[in-house]
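The report starts with charges and rings, and then turns to ring pairs and the core.

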Amino acid sequence: LREDKRKEIEKRRLLGLSALFKLKILKEHVFRNTKPAIFGVRVVAGKLIPRLHLIDETGERIGKVKNMQSENKAVEEANEGMELAISVPGVNFERKLGDKNFLYSDITEAQFRNFKKNKDLLSAAELRVLQEIEQIKKFGK
């Protein structure tokens, strides 16, 4: 039990630098196309928090998550399995995301190396996302 608590604290410290996540875009839930784009997502893996930058499956930077809502209430974090609406300013949903399925956290190579170094703190789903981001951003190539 104590070991689990220690791991949780370590993981929080690690994720404090950034968050690792993969989102599935719920295309049937586009509430607003622009200014800001507001649409539904499901957290496939990891944890989503506001003010983080998003990239798509090709590594293109999409924008920054401004607000998040679940059942009409603002939320500060969303965990694996949650479905919620996010707002992303400066994006035209149809033009930019209409043909996309997933969004990922935009992490730097240094953050990536830090996650890799501490991979014992990550869940299996988070490790898969880390590998996907590694391929998208071609880290270490």
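The charged end of Lys22 sits over the ring of Phe102, 4.3 Å from its centre, and Lys24 lies over the face of Phe102 too, at 5.4 Å from the ring centre; a charge sits over a ring if NZ of Lys or CZ of Arg is within 6 Å of the ring centre and within 35 degrees of the ring normal. The model is predicted, with local features needing pLDDT of at least 70 and side-chain atom pairs counting only at pLDDT 80 or more, while totals for chains, interfaces and linings use all residues. Residues are numbered from 1 along each chain as its sequence is written, and side-chain values use heavy atoms, leaving out hydrogens and water.

There are 2 aromatic pairs, where rings of Phe, Tyr and Trp (its six-membered ring) pair if their centres lie within 6.5 Å, and planes under 30 degrees apart count as stacked, over 60 as edge-to-face and the rest as tilted.

| Pair | Centre to centre | Angle between planes | Type |
|---|---|---|---|
| Phe39 and Phe93 | 5.0 Å | 50 degrees | tilted |
| Phe112 and Phe139 | 4.9 Å | 35 degrees | tilted |

Phe39 lies in strand β2 and Phe93 in helix α2, so their pair ties together parts that are 54 residues apart in sequence; helices (H or I, at least four residues) and strands (E, at least two) are DSSP runs, numbered from the N terminus. Phe39 is buried at a relative accessible area of 0%, where buried means under 20%, exposed over 50% and partly exposed in between (1.4 Å probe, protein chains only).
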